[in-house]
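Reader: I am new to this structure. Please show it, and then I will ask about it.

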Amino acid sequence: MATVQHSKAHIAGPYVLLSAVLFFTSLPILLALSQLILISELTFIEFMHYMLDHSLLMASLRFTILQAFVSATIAMCVGIPVAWVLSRYSWRYKSFLKSVFTLPFITPSIVAAAGFLALSSDQGILQSIGIQLNSPGHWIARFGSFIGIEDFGMIFLLILSHAWFNISLFIRYLEPRITTLHPDWEMQFLLLPKGGQRYYRIRYFWLPFLGGSVLTAWLFSFFFAFTSFAMIRWLTPSRYSLESLTGTFGQFAGIEGYRLDATRMVLASTLLQFFVLSFVFLLFHFQRRNMNHAYKSISEQELFKQQTPPPKIAKALICAFAGLVLLPYASILTSSFRIRSSTTTRGFDWSLDAWETAIFGNFDSISVTTALSNSLLYATVTICVVLPLTLMVSLALLEIEKRGHRKMANFFQFMCIVPVFISAVTLGIGISIGLISFAPFLIQWRFLPTIPHIFLTFPFALRIVHPAMQRIDLRFLEQAKLLGCSFLKTYWLGFGIHLRSVFIVVISLSFAFSMGEFGASFLVVRFESWTSLSLLVDTLLSRPKFDPIAYPLSMVVATILMFFTFICLLIIDNVQGKSGEIQ
Amino acid sequence: MIDTILKIQDISMIIDEKIILSNCNLKLKKGEILGLIGPSGCGKTTLLKIACGLIQPTEGEIVVDGKIQIWTKNPFPNITYLFQSPVLFPHLNVIENVRLGVDKNLAKKDQIITAMNSLEFTNIQHLAERNVNNLSGGEAQRVAFARAHAQQNDLMLLDEPFASVDQEQKMNLALEFKQWIRSLKKSAIFVTHDEQEVYAVSDRIMRWSEIQKSQ
């Protein structure tokens with residue numbers, strides 16, 4: 001019997017590709033760590049002492065963990081009831097509501113920071129309803145003094161902003177799970193002796209059913225709050241988190257004979273972050289292995305017929321929550337039209353001055369149009385690299401799976417997704433210290449800022465594309481081959497036509513991520529002319545406020561960035577709504 | 001002494017002006033296995049769910065052991081219901097699933113003993129520690145029956161319980177179910193659209209058209 005002989009290149013191809021991808025993904029971080037270790041001039045024991053004795057470092061660690069824990073827990077406490085109410089009743093505009101609630105998650109962090117700053121600013125909405133976070137007489141500040149935290153008002157706002165950011169995660173994870181649960185499960189439990197009491201229903205049914213999703217959403221929320229940079233930089237400027245410490249001191253670290261303290265500090269905070277995030281990652285992995293139970297599901301359309309319309313209290317809850325979600329955006333928009341004035345009694349004038357300045361550009365730094373074109377360039381390059389790279393990696397994974405090496409494929413897939421758990425600032429350090437010290441010519445490379453964007457977007461893209469590719473019937477590919485189609489046409493007919501909606505989602509998501517990326521760009525972008533929109537918001541917010549146009553101008557740029565995010569979300573939602581298959 | 005354990009009286013169900021059930025009537029005697037046969041989609045499952053209190057009808061009443069039942073958030077007590085495909089909770093293993101059927105007021109040790117007895121009754125004690133995701137259709141349905149056994153209710157409603165079992169096993173399992181119900185002296189309504197199954201299991205057979213006619 002004849003056996004099929006494959007060339008060595010054919011056999012090794014997928015492994016070589018995947019190994020190369022893993023090598024290049026880990027290279028910047030490894031190079032940066034080795035550079036930092038070399039320059040820090042400390043032995044391991046000395047380094048441990050340095051880390052434990054450094055009061056700023058330890059205070060930052062405590063603050064980072066505490067605020068991330070509290071904000072993730074608040075997000076959970078609000079997210080669960082909202083997801084519950086949304087999934088238990090037949091809402092007429094459910095997909096629109098879900099889009100609104102998903103908005104914070106893809107909002108650039110600098111826009112969210114600008115939104116919460118606008119909320120708490122003079123004449124902001126919070127002050128107009130009597131909540132003065134910085135006033136020592138307000139109950140929030142008094143409570144802060146009671147628990148021994150001086151700037152509690154702004155910490156409170158920071159925690160709320162992180163919770164606002166992450167509630168969408170709970171809705172994203174819980175709502176579809178509850179909605180599509182087949183009614184038989186609940187009925188069966190109700191018919192059992194333990195089904196009669198709410199306590200038992202929660203303990204034995206809902207907790208095991210939703211526990212895994214709640215833990216996943218909580219871990220992601222914790223991770224995002226833990227690695228938040230822009231929000232901490234702007235809402236609690238007097239405090240450092242590990243991420244903001246790395247970002248701030250990272251600009252001076254890794255240079256031989258210069259600011260040794262900065263190098264040691266960055267090394268220590270990066271390693272501390274690595275330990276905490278590894279623990280989070282392990283918990284995440286544990287959840288996926290042990291808490292991921294398959295329940296029979298029902299389609300949403302089928303269920304809609306069986307559900308009842310929402311009662312008034314549910315409507316009130318959803319409306320109030322939608323209002324809270326949209327409040328920071330509304331604050332940004334209104335602040336872009338409000339110019340401080342000393343001539344009016346209300347303290348400001350409504351004006352289009354900031355918008356005119358932004359469009360026609362008469363301010364002395366980079367113009368909005370340049371920043372916008374830079375951002376669009378970075379986003380385009382990111383998409384052009386991420387999409388084919390994701391396809392190639394996914395095809396390689398499929399090939400390995402096809403050969404029966406499922407464990408190996410899972411290992412490679414797992415390793416490709418690990419960078420999700422690396423913070424943007426750490427990646428920025430990897431590029432600015434690791435990659436550039438190794439290849440200094442890169443510092444002037446025009447596309448350098450796109451490298452972190454690609455790194456950060458690729459795992460998300462793979463997470464979307466690969467499951468979709470696994471679902472495709474391989475007979476399409478075989479049929480195309482049998483028909484004698486060209487190489488490109490074969491793959492287009494075998495995969496491409498089935499993945500059109502997935503491509504649109506990946507393109508939109510990559511675009512949104514790249515446009516809004518802040519942490520890594522903050523460290524990587526060395527020339528003002530390379531500034532992106534998110535960096536411009538930061539630059540304008542940093543300007544002295546005696547210029548009345550500076551603050552509204554930053555809000556104009558944030559509004560423009562927000563507009564692009566909205567467009568991306570609309571596209572993603574539209575495509576997801578039609579295909580209904582993209583996870 | 002009342003010899004009727006379940007009486008379904010004038011049950012009608014209308015959803016969005018669509019008639020799902022119209023004037024259904026049925027009586028089940030104590031110790032009897034009643035086979036109810038009807039085409040798919042005629043409303044058999046809805047009627048059973050109404051009978052055990054999971055769904056409230058538009059009109060009519062359910063009488064169990066001489067007592068008129070009132071619909072609340074919770075289903076009626078003392079009725080066991082077996083779904084078309086066995087609803088076994090995937091986060092629990094076999095014995096833990098069966099333990100859910102045991103009286104919750106018993107001590108944990110006694111709950112385990114009762115659950116184990118139920119598994120022995122259905123000849124699947126060897127599956128006690130097995131993950132429910134690794135059971136065949138027949139094994140899963142036996143576990144569901146063991147849990148029903150652990151509930152120790154006198155009235156059982158079986159909604160096409162062999163729908164998820166392959167053809168070869170179907171008849172054996174049907175006969176086993178009949179034997180189990182008989183030996184426990186329970187009353188049961190067995191719903192199906194398969195003539196062969198209904199003849200193998202039931203003492204008395206009613207067609208769907210008779211239920212809607214009989215007053």
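Predicted model: local features only at pLDDT ≥ 70, side-chain atom pairs only at ≥ 80, totals over all residues.

Author: Residues are numbered from 1 along each chain as its sequence is written, chains are lettered from A and ligands numbered from 1 in the order in which they are written, and side-chain values use heavy atoms, with hydrogens and water left out.

Reader: How many salt bridges are counted between chain A and chain B?

Author: A salt bridge is a side-chain nitrogen of Lys or Arg within 4 Å of a carboxyl oxygen of Asp or Glu. B:Lys49 and A:Asp184 form such a pair, with their closest N and O atoms 3.4 Å apart. Between chain A and chain B the count is one salt bridge.

Reader: Which helix gives the most to the side of chain A that touches chain B?

Author: Helices here are DSSP runs (H or I, at least four residues), numbered from the N terminus. Both α9 (183–191) and α10 (198–226) of chain A supply at least two residues each to that side. The one that gives the most, with seven residues, is α9(A).

Reader: What area do chain A and chain B bury between them?

Author: Buried area is the accessible area (1.4 Å probe) that two parts lose on being put together, summed over both. Of the area here, 62% is on carbon and sulfur atoms. A:Gln188, A:Leu191 and A:Pro193 supply 28% of what chain A buries against chain B, more than any other three residues. The area buried between the two chains is about 2,200 Å².

Reader: How many residues does the largest nonpolar core have?

Author: A nonpolar core is a set of buried Ala, Val, Leu, Ile, Met, Phe, Trp, Tyr and Cys residues joined through side-chain atoms within 4.5 Å. Among the residues with the most contacts inside the largest one are A:Phe101 and B:Leu157. Helix α8 (residues 152–179) of chain A gives the largest share of this core, 15 residues. The core has 212 residues.

Reader: Is B:Asn93 buried or exposed?

Author: B:Asn93 lies in the loop between β6 (79–82) and α2 (94–99) of chain B, where strands are DSSP runs of E, at least two residues. Its side chain makes a polar contact with that of B:Glu129 at 3.4 Å (a pair of N or O atoms within 3.5 Å; within protein, one must be able to donate a hydrogen and the other to accept it, and residues adjacent in sequence count only if both atoms are side-chain atoms). Buried means under 20% relative accessible area, exposed over 50%, and partly exposed in between (1.4 Å probe, protein chains only). Because its relative accessible area is 14%, B:Asn93 is buried.
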